[in-house]
Amino acid sequence: MPTLSRETASSSLQLEPPLHGKVVYIEDDETNVTMVRALVGRHPGVQLLHASTGRDGVRMVRREKPDFVLLDMNLPDISGLEVVRELNIDITSRGLRLNILTGHALSMDIIKAMSLGAYEYWLKPLTRQVFEDGLRRALTGRRPDPAHRLPTR
């Protein structure tokens, strides 16, 4: 089987259709927000909305009905787990895709959030490749990456 050169692999990725959708990012750290804005900026069809607290994020998600939510687990007002609990009905009834962003490799909060329907979890520091691949999965309805899900028995 022939192997792809770096140029061929790169051009095959460019054959993917452009992304479209609305993303809510719930994060209080401005450095992380700036980085995600730059990554989303590579996709003109994707609108990024930002909330810096969990409560504002829940209100924004309910008002704006985004296609995807990226959620930091450590927020200044309520925990990321509480945000997932609040949005559980949106996750289950309308298929909202919500990804957890955390600095902890595996915690009880991640396990609980995933059991409540979170789509994937991503570890900080976030890489461009993880973000790009995950954004594409979330906005195109693809299955979650098993590497970003909890192991199943």
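## The loop around leucine 106

Leucine 106 is found in the loop that runs between strand β4 (97-102) and helix α5 (108-115), in a model that is predicted. With a relative accessible area of 51%, Leucine 106 is exposed, because residues count as exposed when that value is over 50%. Together with Met108 and Ile111, Leu106 makes a nonpolar surface patch of about 290 Å².

## Helix α3 and its buried side

Helix α3 covers residues 54-64, and Gly54, Gly57, Val58, Met60 and Val61 are buried in it. These residues cover an arc of only 165 degrees around the axis, so they are on the same side of α3. Just after α3 comes lysine 65, which takes a positive phi of about 50 degrees.

## An aromatic cluster

The structure holds 2 aromatic pairs. One of them is formed by phenylalanine 68 and tryptophan 122, a tilted pair with 6.2 Å from centre to centre and 50 degrees between the planes. This pair links distant parts of the chain, since phenylalanine 68 belongs to strand β3 and tryptophan 122 to strand β5 (residues 120-123), 54 residues apart. Phenylalanine 68 and tryptophan 122 are both buried.

Tryptophan 122 also pairs with phenylalanine 131: the ring centres are 6.0 Å apart and the planes stand at 70 degrees, so this pair is edge-to-face. The reason lies in the angle, because planes over 60 degrees apart count as edge-to-face. Phenylalanine 131 is buried, as is tryptophan 122, and Phe68, Trp122 and Phe131 form one aromatic cluster.

## Aspartate 90 in helix α4

Aspartate 90 has its place in helix α4, where a relative accessibility of 8% makes this residue count as buried. When its neighbours within four places in sequence are left aside, aspartate 90 is in contact with Arg62, Gly95 and Leu96.

## Salt bridges

A search of the whole structure finds 13 salt bridges. In one of these, glutamate 16 is joined to arginine 142, with the closest N and O atoms 2.9 Å apart. The two partners come from distant parts of the chain, 126 residues apart, with glutamate 16 in the loop between α1 (6-14) and β1 and arginine 142 in the segment after α6 (128-140). Glutamate 16 is partly exposed, at a relative accessible area of 26%, and arginine 142 is partly exposed as well, at 35%.

Within helix α4, glutamate 82 forms a salt bridge with arginine 85, the closest N and O atoms being 3.7 Å apart. Glutamate 82 and arginine 85 are 3 residues apart, about one turn of the helix. An α-helix has 3.6 residues a turn, so residues three or four places apart point the same way. Glutamate 82 is partly exposed, with a relative accessible area of 27%, and arginine 85 counts as partly exposed at 43%.

A further salt bridge brings together the side chains of glutamate 120 and arginine 137, at 2.7 Å from N to O. Because glutamate 120 lies in strand β5 and arginine 137 in helix α6, this pair ties together parts that are 17 residues apart in sequence. Glutamate 120 and arginine 137 are both buried.

Key. Residues numbered from 1 in each chain as written. Predicted model: local features only at pLDDT ≥ 70, side-chain atom pairs only at ≥ 80, totals over all residues. Heavy atoms only, no water. Patch = residues over 30% accessible without salt bridge, like charges linked within 9 Å, V, L, I, M, F, W, Y side chains within 5 Å. Areas by Shrake-Rupley, 256 points an atom, 1.4 Å probe, with all protein chains shown as cover. Salt bridge = Lys/Arg side-chain N within 4 Å of Asp/Glu carboxyl O. Helix = DSSP H or I, 4+ residues; strand = E, 2+ residues; numbered from the N terminus. Buried < 20%, exposed > 50% of the residue type's maximum accessible area, 1.4 Å probe, protein only. Arc of directions from axis to C-beta. Phe/Tyr/Trp six-rings, centres within 6.5 Å; stacked < 30°, edge-to-face > 60°. Contact = heavy atoms within 4.5 Å.
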